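Here are some brief comments for your reading. Keep the structure open and check each point as you go.

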Amino acid sequence: MNIKVMYHTINGNTGKVAEAIAGALGVKAERIGEGSIAEPVDMLFIGDGVYGGKPDISTVDFIKTLNGSMVKKAAVFGTYGMQKKAIKIMKELLEEQGINVSAESFGCKGKCWAIMNRRHPNADDLLAAKEFAKGVLNEL
C-alpha cells in the first residue's frame with residue numbers, strides 16, 4: 001500500500017502533527033512544495049494550519065493538481081488557533097478533484113501568536129493524531 005503524508009506549516013505546529021502521523025504509519029512526512037505525487041497513492045494524509053480562516057494558498061494550489069486517478073483516498077488534518085475551518089475547506093477541495101475523502105479528520109490546537117495555545121500541539125494531541133491515522137487506515 002502506497003501511503004503519503006504531506007503538509008504545509010508556518011509555525012511548525014502542523015509539521016509536528018504530520019511527523020506523528022507519519023511515524024505511526026512508518027512513512028516519511030513531506031512538506032507541500034518539497035514532495036510530490038509521481039505515482040498513484042492509496043492513502044494521502046494532507047494537513048495545514050488555519051491562516052486567516054483558510055488553508056495556505058500553497059496547499060490549495062497543490063490540492064488542485066490532484067485527481068482521483070492518482071489519489072485513491074485522502075484524510076485531512078490540521079492545527080488551528082481558534083477555528084477548524086481550514087479542515088472543512090481542504091475536504092471540499094479534495095472532493096471537487098474527484099478524490100474519496102475520509103469522513104474522519106483530525107484537528108488540534110496549535111500555538112499561535114505569542115501566548116495563545118502555547119503548549120499545543122502537546123503529547124496528548126500527538127497521540128490522538130497517531131490514533132486518528134491508524135483508524136483511517138483500518139477503513140481501507
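1. Glutamate 30 sits in strand E2, which covers residues 29-31. Bear in mind that this is a predicted model.

2. Look at the side chain of glutamate 30. A polar contact of 2.8 Å links this side chain to that of lysine 4. Leaving out residues up to four places away in sequence, glutamate 30 touches Lys4, Val5, Met6, Tyr7, Gly35 and Ser36.

3. Now turn to helix H1, residues 13-25. The helix has 13 residues. From first C-alpha to last, H1 reaches 19 Å. That is close to the 18 Å expected at 1.5 Å a residue.

4. Which residues of H1 are buried? They are Asn13, Thr14, Gly15, Val17, Ala18, Ala20, Ile21, Ala22 and Leu25. What covers them includes strands E1 (3-7), E2, E3 (43-49), E4 (73-80) and E6 (106-109), and also helix H4.

5. Check what comes after H1. Glycine 26 follows the helix. Its phi is positive, near 70°.

6. Lysine 134 belongs to helix H4, residues 123-139. Is lysine 134 buried, partly exposed or exposed? Its relative accessibility is 38%, so lysine 134 counts as partly exposed. The partly exposed class runs between under 20% for buried and over 50% for exposed.

7. Setting aside residues up to four places away in sequence, lysine 134 touches Ala24 and Leu25. Lysine 134 and alanine 24 are 110 residues apart in sequence. In space, their C-alpha atoms are 7.2 Å apart.

Methods. Residues are numbered from 1 along each chain as its sequence is written. This is a predicted model: local features need pLDDT of at least 70, side-chain atom pairs count only at pLDDT 80 or more; totals for chains, interfaces and linings use all residues. Side-chain values use heavy atoms; hydrogens and water are left out. Helices (H or I, at least four residues) and strands (E, at least two) are DSSP runs, numbered from the N terminus. Buried means under 20% relative accessible area, exposed over 50%, partly exposed in between (1.4 Å probe, protein chains only). Contact means heavy atoms within 4.5 Å. A polar contact is a pair of N or O atoms within 3.5 Å; within protein, one must be able to donate a hydrogen and the other to accept it, and residues adjacent in sequence count only if both atoms are side-chain atoms. The expected span of a helix is 1.5 Å times one less than its number of residues.
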